[in-house]
Amino acid sequence: MWYSKILVAYDGSKPADRAIEIACDMARENPGAHLVFAHVLKLVDSTFGETGMNQILFEQARDVQEHLEKAARPFGERAQVKMLKGTSPATLLVNCCKDEACDVVVMGSRGMGGVKGYLGSVSRSVVQEAEAPVVIAK
């Protein structure tokens, strides 16, 4: 197979759930492939209500991490979960792809935002910036 390491970007959306399905299918087809499940914990750049907001974000991140660990479990040591923190999800995902030497990125077409269109801003940026091919799950 042409890929040995798959980055799966997950944000909790339905297209991201589909991305997990696609990436897991790819890993089952290639028993030597590794999976990197990544979720971006977007930090809020504000001092107003920061403590309460951060608590909510960390609780949501804990739920997402548990969901991703469940998806990773059947693959044992071939899978890992990464929680990325920062203000630019696309940049964090592109950097994770490079740092982990991933051959392909699998992600949803649109995330949790309300913007309509085929590609959301994060998926569009990853497609443009990533050195690896990007599979878009609709």
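E129 is partly exposed, because its relative accessible area is 42%, and the cut-offs here are under 20% for buried, over 50% for exposed and partly exposed in between (1.4 Å probe, protein chains only). You'll find E129 in helix α4; helices are DSSP runs of H or I with at least four residues, strands are runs of E with at least two, and both are numbered from the N terminus. What does E129 touch once its neighbours within four places in sequence are left aside? The contacts of E129 are T91 and V94, where contact means heavy atoms within 4.5 Å. V94 sits 35 residues from E129 in sequence, yet their C-alpha atoms are 6.8 Å apart in space.

A quick word on what you're looking at: this is a predicted model, where local features need pLDDT of at least 70 and side-chain atom pairs count only at pLDDT 80 or more, while totals for chains, interfaces and linings use all residues. Residues are numbered from 1 along each chain as its sequence is written, and side-chain values use heavy atoms, with hydrogens and water left out.

Now step back to the whole chain. Its secondary structure comes to four helices and five strands, and if you walk along from the N terminus, the elements go β-α-β-α-β-α-β-α-β. Of the 138 residues in the chain, 41% are buried. Take the contacts between residues at least 6 apart in sequence, and 73% of them join residues at least 24 apart. The accessible surface of the chain is about 7900 Å², and carbon and sulfur atoms account for 51% of that; these areas come from the Shrake-Rupley method with a 1.4 Å probe, and for residues only the protein chains shown count as cover.

On to the charges. Side chains of opposite charge can pair when their charged atoms come close. The structure has five salt bridges, each one a side-chain nitrogen of Lys or Arg within 4 Å of a carboxyl oxygen of Asp or Glu. Which residues are linked in a network of salt bridges? That would be K5, K82 and E100. K5 and E100 pair up at 3.1 Å, N to O. They come from distant parts of the chain, 95 residues apart: K5 belongs to strand β1 (residues 5-10), and E100 to the loop between α3 (89-99) and β4 (104-108). E100 also has a salt bridge to K82, at 3.4 Å, N to O. E100 counts as buried because its relative accessibility is 16%, whereas K82, at 24%, is partly exposed.

A101 isn't a glycine, but its phi is positive, at about 55°. Is A101 buried or exposed? Its relative accessibility is 52%, so A101 counts as exposed.

Another of the salt bridges joins K98 and E131, whose closest N and O atoms are 4.0 Å apart. K98 is in helix α3 and E131 is in the loop between α4 (121-129) and β5 (134-137), so this pair ties together parts that are 33 residues apart in sequence. K98 is partly exposed because its relative accessible area is 45%, while E131 is exposed at 68%.

Some acidic side chains gather on the surface instead. Which residues make up the patch of negative charge? They are E59, D63, E66 and E69. To join a patch, a residue needs over 30% relative accessible area and no salt bridge; like charges are joined within 9 Å, and nonpolar side chains (Val, Leu, Ile, Met, Phe, Trp, Tyr) within 5 Å. Lys and Arg count as positive and Asp and Glu as negative, with His and the chain ends not counted, and the place of a charge is NZ of Lys, CZ of Arg, CG of Asp or CD of Glu. E66 is in helix α2 (residues 50-72), and it counts as partly exposed because its relative accessibility is 46%.

Last stop: E29, in helix α1 (residues 14-29). E29 is exposed because its relative accessible area is 54%. Setting aside neighbours within four places in sequence, E29 is in contact with M1 and Y3. E29 and M1 are 28 residues apart along the chain, and 8.7 Å separates their C-alpha atoms.
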